[in-house]
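This briefing concerns the structure shown below. The points that follow are grouped by topic for reference alongside the coordinates.

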Amino acid sequence: MFSLLQIELFKISRRPRTYIAFAAITAIVLIFQFAFKADGESYMNLMLQNVQDSFDLDKSKAINGYFMCYIILNTLLVQVPILVSLIAGDAISGEANMGTLRLMLTKPYNRSQLLFVKFLAAFLFTIFLLVWIAILSLFVSLLIFGADDMLIFRVKGDESQILQISKDDVLWRYFAAFGYAAVALTVIATLGILLSVFAENSIGPIVATVCIVLFFTIVSNINVPIIDKHVKPWLFTTYMVGWKGFFYIGIDNEGQPIKGSLENWPAIRNSLVILIAHIATFLGIAFYSFQKKDILS
Amino acid sequence: MIKNSTSLLLLLLLFNQQIFAQDINVLLANIKTKMSKIKDYEAEGQMKTKVVFLKLPVAAVKLYFKNPSKFKLKTSKGISFIPKGAVNVNMNSLFNEHNFTVIDAGTDNINNVKVRVAKLLPNDDNSNLVLSTLYIDPVNLLIIKNKTTTKENGTYELMMNYNKYSSYGLPDEILFSFNTKDYKLPKGLTFDFDDQSAKNPLSKTNKASKGEVKITLNKYSINKNLSDEFFK
C-alpha cells in the first residue's frame, strides 16, 4: 500500500494545479507582507480606533511577525479550502474521467485501500500546504518584522476587546493552531473526496466543494441571531475558525491575561471533535459509496 | 506632672491648628521646596492596567524625571499602552512647568487623613491644563490626591501612597484613573471564533467608561545625573 501512496503522491506532484496552490499562497502572503511593511499603520489605526485618544502605543512594535501571521491566516480562511478542494475533488473522479479507475482496481488492492490511499495523499498535500503557509506567514514574517508581544483584536458578543499575549507565550499557540487547521482542512479534503466518488469528471466535485465551502463560510459569518442559534451550529465552517481559540488567552479576575492559558479550551476541544466527526462521516459515506460505485460504465 | 501634660497637649493642639491654618501658598511653597531636593530620578516598578476592553499583562515600567519638567514613562519590554495623561503622575513637573493662581478650598478627609485642598488655576490661558486640585497632607507635606482637568485629554485622578521615599515626596504607589471612550469593532470584521463564552452575563456588568492604571514603584535612584538620552 505504501507503493500505492508513493504513486499517488507522484501523480499529485506531476500535476501543474498542485503548484498553483503553492504559488497562490506565496503571492498572497508576499503581497500582505509588502503592504504591511509599506503602510501597516493604516490597518493599525483602523483596528485601534478611538483607543488612540486615550493611550499612546508604539504601532511599529505592534506590527510584528506574530501579528502578521495571524492577519495572513485570517485572510487565507477562504482561499486555502479552495486550494485543497482542487486536489481532493479530483481524487476519484479524475481517474474515472481518464478511464484509469478500472485499470487501478485490477491491481491487487481493494477499493477501500485505494480510497484510503487517495485520502492519505490528499491529507499529506494539505499538510505540505500548511507547512508552506507556516514557513511563509510565520517564519518569514518573523524575519521581516521581528518578534514582539502579540495583539489580538476581537469581537466577543457585544464587546470588542484587545488582548495582549507576551512574546514568549505565542509560539506554542501557533503550533497548536496549525495542528487544528490541519484537522479543519482535512474536513474539506474528505468532502472533496466524497463528492469525487459520485462524479465522472473532476470539475463537478471541485466546483461543488468550493461552492459548499464558500456558501457555508458566508452563512457562518452572517451575524443574525436566528442564524447564530439555529443554523451555524450545523455548519462545519463555523468550527473551522476554532484555531483562533488558541489565541484567546485566559483572563484573571483583575482583567490580566494568564500566561499559558486558554480562555475556553472545552469549546476548542468540542469544535475539534465535531470536525473529526465530519471527517469520519464524510469518509464513511465515501467508502460505502465507492464500494457500490459502478466502474464498468 | 498633670500641669506639664496639659501644657504639652495644648501645645500640640495649637501646632495642629497652626498647620491647618497656615496660608495655602506657604504650604505649597514648602512642598515645592521639599520636591526641589530632587534634580532627577529613575524609578522601577510594575504597571497594572484595568480597562474593560484592554486585556494587558502587568508591565515592568521605568519612570524618568529630570528638572525642571522632563518626564518619561517607559515599559522595559513588549508593547505598551501608556495612558495619554500619564505625564501627570509626576508632581514635580506640575510645579515646575506652570505658574498658578492658588485658591484655598478648605479641608477634606482621605483615608482618615485630614487634608488641605488647593485648587490651582494656570495663569497662562493657552495652557493645556484647566484646573488641578491637590489634596495635601500638611503634616508630612505630601500630596495624597490630585484631580487634573486638561483641555485635550479630559480629567485624571491620582491617588498616591507614600512609604520609603516620603522624605522626597515620591510615592511608592500611584493609582491613576481616567475616562476612556467605548471601543467597538464592527461585527464580522475579525471573523472570530464564537466559543459561546460571551453569553456569560458578567461581560455585560463589567462595562465601564473609567480606566485605571496602578503603578507600584519598588526602587528610586535619586539625583544620579540622569542623561538626556532617556527622554528621547
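The model is predicted. Chain B comprises four helices and twelve strands, and 30% of its 232 residues count as buried.

- Helix H2 of chain B covers residues 24-35, which is twelve residues.
- From its first C-alpha to its last, H2(B) reaches 16 Å, close to the 16 Å expected at 1.5 Å a residue.
- Ile24(B), Leu27(B), Leu28(B) and Ile31(B) are the buried residues of H2(B).
- Viewed down the axis of H2(B), these buried residues fall within an arc of 95°, and they therefore line one face of the helix.
- In an α-helix there are 3.6 residues a turn, so residues three or four places apart point the same way.

- Ten strands of chain B form an open sheet, in the order E4-E3-E1-E12-E11-E10-E9-E8-E7-E6, with antiparallel pairing.
- Strands E4 (70-75) and E6 (100-110) of chain B stand at the edges; each has a single partner strand, so one side of each is left without a neighbour in the sheet.
- From one strand to the next, the twist averages 20°.
- Within chain B, strand E11 (residues 173-179) and strand E12 (residues 210-222) pair in the antiparallel sense over seven bridges.
- Ser177(B) stands opposite Glu212(B), a residue of E12(B).
- Of the contacts in chain B with a separation of 6 or more, 55% are accounted for by residues 24 or more positions apart.

**Backbone features of chain B**

- The peptide bond from Asn67(B) to Pro68(B) is cis, with omega near 0°.
- Pro68(B) is located in the loop between strand E3 (59-66) and E4 of chain B.
- Asn223(B), although it is not a glycine, has a positive phi of about 50°. Asn223(B) lies in the segment after E12 of chain B and counts as exposed, with 12 C-beta neighbours inside 10 Å.
- Asn225(B) has a positive phi of about 55°, although it is not a glycine. Asn225(B) also lies in the segment after E12 of chain B, and it is exposed, with 7 other C-beta atoms within 10 Å.

**Lys219 of chain B**

- Lys219(B) is found in strand E12 of chain B.
- Because 12 C-beta neighbours lie inside 10 Å, Lys219(B) counts as exposed.
- Leaving aside neighbours within four places in sequence, Lys219(B) is in contact with Ala43(B) and Glu44(B).
- Between Lys219(B) and Asp104(B) there are 115 residues of separation in sequence and 34 Å in space, C-alpha to C-alpha.

**The side of chain A that touches chain B**

- In the assembly, 44 residues of chain A are in contact with 33 residues of chain B.
- Helix H3 (51-54), strand E1 (55-57), helix H4 (59-62), helix H5 (65-88), strand E2 (150-156) and strand E3 (159-165) of chain A each give two or more residues to the side of chain A that touches chain B.
- E3(A) provides the largest share of that side, six residues.
- By class, the side of chain A that touches chain B has 15 nonpolar, 16 polar and 13 charged residues.
- Strand pairing also links the two chains: E1(A) and strand E5 (residues 81-83) of chain B pair in the antiparallel sense over three bridges.
- Phe81(B), in E5(B), is the bridge partner of Leu57(A).

**Met44 of chain A**

- Met44(A) has its place in helix H2 (residues 16-48) of chain A.
- With 19 C-beta neighbours inside 10 Å, Met44(A) counts as partly exposed.
- Not counting residues up to four places away in sequence, Met44(A) touches Lys59(A), Ala62(A) and Ile63(A).
- Met44(A) and Ile165(A) are 121 residues apart in sequence and 17 Å apart in space, C-alpha to C-alpha.

Key: Residues numbered from 1 in each chain as written. Chains lettered and ligands numbered in written order. Predicted model: local features only at pLDDT ≥ 70, side-chain atom pairs only at ≥ 80, totals over all residues. Contact = placed C-beta atoms within 7 Å. Nonpolar A, V, L, I, M, F, W, Y, C, P; charged D, E, K, R; others polar. Pairing = 2+ DSSP bridges. Axes fitted to C-alpha atoms, helices over the stretch in contact; angles between N-to-C directions. Expected span 1.5 Å × (residues − 1). Buried ≥ 20, exposed ≤ 12 C-beta atoms within 10 Å, placed from the backbone. Arc of directions from axis to C-beta.
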